[in-house]
Amino acid sequence: MKFVTALSLLASTSAFTPSSFTPRSVAHAPVTQSSTSLSMKYKVAVVGGGPSGACAAEIFAQEKGIDTVLFERKMDNAKPCGGAIPLCMIGEFDIPESTVDRKVRVRRMKLISPTNAEVDIGDTLKPNEYIGMCRREILDGYLRDRAISYGAEAIQGLVTKIDVPEDHRMNDEKPYTIHYQEFAPGNSAGVPKTMDVNLIIGADGANSRVAKAMDAGEYNFAIAFQERIKITDDQMKFYEEMAEMYVGDDVSPDFYGWVFPKYDHVGVGTGTVVNRPAIKQYQKAIRDRAGDKIAGGKIIKVEAHPIPEHYRPKRVQGRMALVGDAAGYVTKCSGEGIYFAAKSGRMAAEAIVKLMEGGSRLPTQEEIERTYIRDYDRAYGPTYTVLDILQKVFYSNNGAREAFVELCNSKYVQQ
């Protein structure tokens, strides 16, 4: 459900230089209550290896006074999302073009109304601007490898529980204890282990274990459902520089359906909050709307995932902070979260590293809230508010959706 709205799609980018990274392992000393001694480093655990976790781990790993561990259950994880990223992300995060499957020209991003009226979005963009279509297993893997190259230790493991000291908000001498199952490559049986850490970044998605340990509160969520469909070469030619977004009660009562091209197939999906049990009905409808363009295609992968609908009630507790989907950083109307995940992970880590003063101290909850949370909300709070309003106004019924599509036909709106 990661369709990037005109708001973020129309952003320009600076030049970037492709990079190459070689993963390496790092030996880590255990954390004890005497970890403030000169012979010890503070240990930061980043739970979750998607864009938010990888971008946070990259920042922490570059600090000599901080020991960084990155937990990820599946190193080849392919999260179900449209996979569209704004052009600004390519330059800002120094992402090589090799991670992009398709450079879909925005002038051929079609928005299709309930009556199948079509609007091409992006006529005002420059010829060299595009939407990047990526597979999450490629993008996420690249960002993780970069964090590892800077010194983060990656553990293929599932965090199952976190022991939180009762006085953790006031006493930074007591570590958090992470319980996890570590998995060896090719082995489905995990080995139970524990690790003591001084600070935790929760980048583990909508069903975050870190959020549960924080008692961060619940939030409403959508279900994103996607099928990867292999179609003929002739059919793929239509989507060579084309992506489609469909709106209507048939494909979703509160979001949209999409057909996004990948390396050698298309991702076809939809999502909903208000009627999650009917997600397969909506998925059939988006296939029907796409019609002959994907007819006869072979489904090669089926994916489903919860997508948060708003901020968590609590995003920081003691020395634990949430980023990305775990924090609820997905926009209404568009469901865009990849860029905001990466940005929040980086902003949280940069703020905390500065507060740690070269690894000489641990930040307080109030300090993290006063820096990371305040700065993120100031930068992106208005965007979430505007898109929330747009969803409530234009996704309420088919008449409103028709008006929305017509509105997007305006060059003024697209600018």
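Y130 and G132 point one way from strand 7 (residues 130-133), whereas I131 and M133 point the other way, and all are buried, a word that here means under 20% relative accessible area with a 1.4 Å probe and protein chains only. In a regular strand the side chains alternate between the two faces of the sheet. The model is predicted, so that local features need pLDDT of at least 70 and side-chain atom pairs count only at pLDDT 80 or more, while totals for chains, interfaces and linings use all residues. Residues are numbered from 1 along each chain as its sequence is written, and side-chain values use heavy atoms, with hydrogens and water left out.

**Strands and their pairing**

- Strands (E, at least two residues) and helices (H or I, at least four) are DSSP runs numbered from the N terminus, and two strands pair if DSSP finds at least two bridges between them.
- Strand 7 pairs with strand 3 (residues 84-85) in the antiparallel sense over two bridges, and I85 stands opposite G132 there.
- Eight strands form an open sheet of mixed pairing, in the order 10-9-8-2-1-11-18-17, and its edge strands, each pairing on one side only, are strand 10 (191-197) and strand 17 (316-317).
- Within this sheet, strand 2 (residues 66-72) and strand 8 (residues 153-163) run parallel and are joined by four bridges, with L70 opposite A154.
- Strand 8 also pairs with strand 9 (residues 176-182), here in the antiparallel sense over six bridges, and G157 stands opposite E182.
- E182 in turn stands opposite V191 in strand 10, which runs antiparallel to strand 9 and is joined to it by seven bridges.

**Helix 2 and its surroundings**

- Helix 2 is mostly covered, since eleven of its eleven residues are buried.
- These buried residues pack against strand 1 (42-47), strand 2, helix 4 (136-149), strand 11 (199-202), helix 8 (324-327) and helix 9, where contact means heavy atoms within 4.5 Å.

**Helix 2 against helix 9**

- Helix 2 (residues 51-61) and helix 9 (residues 338-356) pack at an angle of about 25°, with their axes 7 Å apart; the axes are lines fitted to C-alpha atoms over the stretch in contact, and angles run from 0 to 180 degrees between N-to-C directions.
- The two helices are therefore roughly parallel to each other, a term that covers angles under 35 degrees.
- Residues that meet across this contact include C55, I59 and F60 in helix 2, and A341, G345 and V353 in helix 9.

Key
Parallel < 35°, antiparallel > 145°, perpendicular 65-115°, else oblique. Buried < 20%, exposed > 50% of the residue type's maximum accessible area, 1.4 Å probe, protein only.
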